[in-house]
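Hi everyone, thanks for coming. Could you put the model up on the screen for me, please?

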Amino acid sequence: MIYNDKSINRLKRAEGQIKGILRMIEEGKDCKEVITQLSAARSAIDRTIAVIVSSNLEHCIRESMEAGNGDSSKIVEEAVNLLVKSR
């Protein structure tokens with residue numbers, strides 16, 4: 001599995017969002033504001049999942065092609081299943 005800097009940076013930003021949400025809750029912020037931020041954090045994590053899956057898919061297909069295996073349909077199917085499972 002390949003985790004690139006893009007994935008790590010996205011996760012660090014999501015971590016910052018979650019910490020901010022915890023601070024909002026501790027400060028007694030309005031429910032609507034907290035839910036808005038939770039929704040934004042969820043979207044950020046969903047995008048991170050997509051980045052990780054697509055990076056891994058690209059890496060696996062490249063490895064498969066270098067090994068002389070032209071059929072990458074199984075690899076693509078696994079990637080699609082990961083994306084579907086994450087929803």
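Quick housekeeping before that. This is a predicted model, so local features need pLDDT of at least 70 and side-chain atom pairs count only at pLDDT 80 or more, while totals for chains, interfaces and linings use all residues. Residues are numbered from 1 along each chain as its sequence is written, and side-chain values use heavy atoms, with hydrogens and water left out.

Okay, helix α2, residues 31–66. When I say helix, I mean a DSSP run of H or I with at least four residues, numbered from the N terminus. What span should the 36 residues of α2 have? At 1.5 Å a residue (times one less than the number of residues) you expect 52 Å, and the end C-alpha atoms are 52 Å apart, which agrees.

Look at the start of α2: a side-chain oxygen of D30 comes to within 3.2 Å of the backbone nitrogen of K32. Following α2 you find G68, with a positive phi near 90°.

Now, what do the buried residues of α2 pack against? They pack against α1 and α3. Buried means under 20% relative accessible area, exposed means over 50%, and partly exposed is in between, using a 1.4 Å probe and protein chains only. The buried ones in α2 include V34, A41, I52 and S64. Take S64: its relative accessible area is 8%, so it counts as buried. Setting aside neighbours within four places in sequence, S64 is in contact (heavy atoms within 4.5 Å) with N69, D71 and I75.

On to charges. Side chains of opposite charge can pair when their charged atoms come close. A salt bridge here is a side-chain nitrogen of Lys or Arg within 4 Å of a carboxyl oxygen of Asp or Glu. How many does a search of the whole structure find? It finds 2.

One joins R62 and E58, at 2.8 Å from N to O. They sit 4 residues apart in α2, so about one helical turn separates them. E58 is partly exposed, at 42%.

The other is K19 with E15, with the closest N and O atoms 3.8 Å apart. These two are also 4 residues apart, in helix α1, residues 5–26, so again it's about one helical turn. E15 is partly exposed at 43%.

Last stop: V76, in helix α3, residues 73–85. V76 is partly exposed, with a relative accessible area of 33%.

That's me done, thanks!

Methods: A polar contact is a pair of N or O atoms within 3.5 Å; within protein, one must be able to donate a hydrogen and the other to accept it, and residues adjacent in sequence count only if both atoms are side-chain atoms.
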